[in-house]
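Subject: Three-chain model, handed over with notes

Hello,

The model we spoke about is below. My notes on it follow; please read them with the coordinates open.

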Amino acid sequence: MTPALATTPHATAPLVRVESLAVHFDRGRGQPPLRAVDGVSFDLLPGETLGVIGESGSGKSTLARVVVLLQQPSQGRVWLAGQDSATLAPEALRLARRQVQIVFQDPRAALNPRMRVHRLIAEPLRIQRIGNAASQRDAAVELLERVELGADFAERYPHQLSGGQRQRVNIARALAVRPQVLVCDEVVAALDLSIQAGILNLFKDLQQQFGLTTLFITHDLGVTAYVSSRVAVMYLGTFVEVGGRDQVIDAPLHPYTRALLEAAPEPVPAARRRAHAPLQGEIPSPVAPPSGCRFRTRCPLAVDRCAAEVPAWRELRPGQHVACHRAHEALDGAPLAQRAAPPSASP
Amino acid sequence: MDAVKVTEAAPCQPAERAPVLSVRGLAIATRGGVQVTRDVSFDLQPGERVRVVGESGCGKTATGLAVLGLLPSGLTVAGGEVRFHGDNLLNLPEAALNRIRGRRVSMIFQEPMSALDPVFTIGRQLSETLRAHHRVGPREAKERCIDALDAVGIPLPRQRYDEYPFQLSGGMRQRAMIAIATICQPEVLIADEATTALDVTIQAQIIELLGRLSEQHRMALLFISHDLGAVASACNRLLTMYAGEIVEDAPLDDALLRPRHPYTAGLLAAIPRRQQGSGQAGHRLLSIAGRVPRPGAMPEGCRFAPRCVHVQPRCHEGPVSLLATGRGAAARCLRIDQLALGGVAA
Amino acid sequence: MNRALHFIVRRCLQFIPVILLATLVVFGLVQLIPGDPAVTLAGENATVERIEEIRRAYGLDRPFLVQYGHWLGGVVQGDLAQSMLASKPVLELIADRFPATLLIVGAAVLLALLVGVPLGIAAATRARSSFDNAVMALSSMGVALPNFWLAMILVYWLALSWQWLPATGLPSLSDAPGKALLHAILPAVALASAGVAEVSRQVRSALIEVLASDHVRTLRAKGLPRWRILWQHGLKNIGVTLLTVLSLLINRLLGATVVVEAVFAIPGIGSLLVHSAINKDFAVVQGVALMMVLIVVLINLVTDILYGVVDPRIARQA
């Protein structure tokens, strides 16, 4: 299924354009491939933060790796600043990598334990042959200041840092080559709550200072709501809903988005607590996604049509796209439970 | 050296019935003598659901393990008692403790894949628990186990009975773990980060299941978690731990709306919320300055004082006890009468 | 069940090319031995014509691959050719002597298991204590001591000086079972010393890891008694390690038996191999080498299949 582009034509050119992206992992010996990403298209506009939210098997991490050119797509194309990544020669590819950088989830695993902090941060500059040793070191120290660590961290080793400090070093390193696009893959998931808050605040500041455009991958709705200007909800390899942050968080149209919002942990006092029946069923395997709409096996609104026909990608509100046969019923914002129809008989 | 003052406010609910679990002054230390937790005191009433929250290193997991005598080899109980219906579990011989474990007090853990034995079937692991504590024949045990698997929401339980852990998904494995832990209908279930490794929608299912089991069997729940946000359901009371101590003990809504300890308030303000205006420019999450003190390098006075925005000179003078804040709640702060801390919006 | 059967069949099929390659190597290596077999056979003062006659008679003049094919054809039919020296079929020679080797190797393996496993378990449950350190030190020594040295020490003290046990020889098991067992003790001990050490080390380290694992913590939380956790869950979890150690041990002992049989004058296939190699009786050398290779390959196959039995993940995730 290849939904049409998730955004309407823009005045400004998108920094990243992904078209009909599919990533299938071969499992060998006549077995069906693992369809990690199965038909995703979107644009990343300058200055925005697109939050991609999803659970396991959604393919969001694979998507992140494709955007930073770490993973080859099986189908579809990725354009970076107007250039099709598939057509780039190795040298041009290396230069293109300056434009997109990534920060990963595990702060410790991402840092070479034998290198001091300033060398770690300056390493991308060395690889991209920017400047000399002295200027690289100065740049590293400056970045340390920007991530609120300070110059005295320059000589330390990763094992001498806390989790939050390591993640700041990772961020500094990612910014060393002054990328235009930053991809963050679950960057706060491994951190304690108060440390997480510090990183998220830092991130917002850096976004402004560096004029970053960001693809922010997370499973945490609260985090997405805090950092994103636009939100894409991913399920089993495809987007099910994309829209502005307020649209998706406050007035979701897709039943999965609504289920995520209801399930998301929130410290809510009893007076405001509403009893929700949690979403039933397990996440299907990406090896054999359900026919038609992938979400139908767990969807409280599923009807026969959902098994037979893949839902079309429709723009139901300006800037908000959904792939659901019954999404229009949610336009007036009534709660999910009211509209429950018996789920489709076939699993 | 430490003035351990256990207040009369430690039991949070007014004690109408005798608590099923009563922890007093529990202190855990490494074998080298470094203190990990101290002065941990709380009561658990029958059927009550208590959540213990704190960030990594606060000692909440060690506390849960200590109740059942499951501390790893590097840690040991340095003092205090854990009374289960009056008996101190810490003094029981191994054989007597084994009659309580899995049968009257159970525990489930974070990673269901590594918590289940990979070379035995689910059914075998379930029935051996049942048969270890009750005289049940193999055939009847199997039937009861299949019923137990069904009761925790595992579809096709008869088929799953003969399957191995690696053949189940994460959510199913955790359900199997819950079945194993509850098959003898214990009075207390300790859940140590039991939903942390699961997806959000599966997490909601498991929390709902635990709440349901707790109500059906009047099973008290001690839910240990670092996720302060996941308290929406299945919880009556909140215990907050910091640097090895309980710093606040309050009914859930009180803790959320009117926290009495600056650390609790700080945690609540650090949670990214999704209400309107959350992401706007100018709104910032509170990031508590500083770092958790290392075990062995604890401050002399209030352990949170170096990071507290409401600190006063007297906070550094000596250790602070849990002080009653009314309605059975308590907080470890000298300024409870002076501070009006903000919580989540009502 | 289907998948398990599939797994077994696949493993069996995988070994056919291995065996073929092994036969080729066995046959080819023997050809590399210096010395002309025809000359050996012909005797000291043979004439050139006599040597040539022998060469033709035994097919030693034909090209390598032809000799190989001829030999392989015979092997498949169970005919391992004739021993040049003993003038008996090779197969008969091997069959005569194999039981002796089987006895001492079997006894050594049994000894290694019966002593090594409990020792490893005891060390693991008392990890880092002085008992544990003693066991580890002893096992290091056991691995380091050469078999033949230990064998000679044992012969000197236990057999010759104190006369507790017989020094040499091995009567047939069918004729005098009691005496045979008695004669097998010293050689089995010499063979087993390294085996006990290896088994106890592997059991200890695997068990320490298992006992510290999350699922053992769950088992304790279930209220299971320690003995049950150790003997039922612990052993099954180290099953793969145990199987590996065992199969490696058997394979190694087949090689070590050559030396031990020499010291104790055991009429087994090890000494047959040595004797034939020295005298350039190639047919026998090939036959014995082939037999040993087949045994090793078979043991590996059985071990592989047993892995699937012991650890369900292996068979079902294949």
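Chain C is divided into domain 1 (2-76) and domain 2 (92-278), with bounds that come from an automatic or database domain assignment. The C-alpha centres of these two domains of chain C lie 33 Å apart.

Before the rest, two remarks on conventions. This is a predicted model, in which local features need pLDDT of at least 70 and side-chain atom pairs count only at pLDDT 80 or more, while totals for chains, interfaces and linings use all residues. Residues are numbered from 1 along each chain as its sequence is written, and chains are lettered from A and ligands numbered from 1 in the order in which they are written.

Chain C

Chain C has 14 helices and zero strands; helices (H or I, at least four residues) and strands (E, at least two) are DSSP runs, numbered from the N terminus. Its pattern along the sequence is therefore α-α-α-α-α-α-α-α-α-α-α-α-α-α. Of the 318 residues in chain C, 34% are buried. A residue counts as buried if 20 or more other C-beta atoms lie within 10 Å of its own, as exposed if 12 or fewer do, and as partly exposed in between, with C-beta atoms placed from the backbone. Among contacts in chain C between residues at least 6 apart in sequence, 73% join residues at least 24 apart; a contact means that the C-beta atoms of two residues, placed from the backbone, lie within 7 Å.

In helix H12 (residues 269-278) of chain C, the buried residues are Ile269(C), Gly270(C), Ser271(C), Leu272(C), Leu273(C) and Ser276(C). Their cover includes helix H5 (90-125), helix H11 (239-264) and helix H13 (282-310) of chain C. Just after H12(C), Lys280(C) has a positive phi of about 55°.

Chain B

The secondary structure of chain B comes to 10 helices and 12 strands. Buried residues make up 54% of its 346 residues. Along the principal axes, the C-alpha atoms of chain B fill a box of roughly 70 × 50 × 40 Å. Of the contacts in chain B with a separation of 6 or more, 66% are between residues 24 or more positions apart.

Strand E7 (residues 188-192) of chain B is largely enclosed by the rest of the structure, because five of its five residues are buried. Val188(B), Ile190(B) and Asp192(B) point one way from E7(B), and Leu189(B) and Ala191(B) point the other way. E6(B) and E7(B) run parallel and are joined by four bridges; strands pair if DSSP finds at least two bridges between them. Opposite Ile190(B) in E7(B) stands Met107(B). E7(B) also pairs in the parallel sense with strand E8 (residues 220-225) of chain B, over five bridges, and Leu221(B) in E8(B) is the bridge partner of Leu189(B). From E7(B) the chain crosses through helix H8 (residues 200-217) of chain B to E8(B), in a right-handed β-α-β crossover. Right-handed here means that, with the strands pointing away from the viewer, the path from the first strand over the helix to the second runs clockwise.

Thr121(B) lies in the loop between helix H3 (112-115) and helix H4 (122-133) of chain B. Thr121(B) is partly exposed, with 17 other C-beta atoms within 10 Å. Beyond its neighbours within four places in sequence, Thr121(B) is in contact with Tyr161(B), Asp162(B), Glu163(B) and Tyr164(B). Thr121(B) and Glu163(B) are 42 residues apart in sequence, with their C-alpha atoms 5.3 Å apart.

Between the chains

Of the two pairs of chains in contact, chains A and B share the most contacts. There, 37 residues of chain A are in contact with 40 residues of chain B. On the chain A side, helix H6 (193-210), helix H7 (221-227), helix H8 (245-250) and helix H9 (255-263) of chain A give two or more residues. That side divides into 22 nonpolar, eight polar and seven charged residues. Ala, Val, Leu, Ile, Met, Phe, Trp, Tyr, Cys and Pro count as nonpolar, Asp, Glu, Lys and Arg as charged, and the others, Gly among them, as polar. Chain A and chain C do not touch, and their nearest C-alpha atoms are 11 Å apart.

Regards
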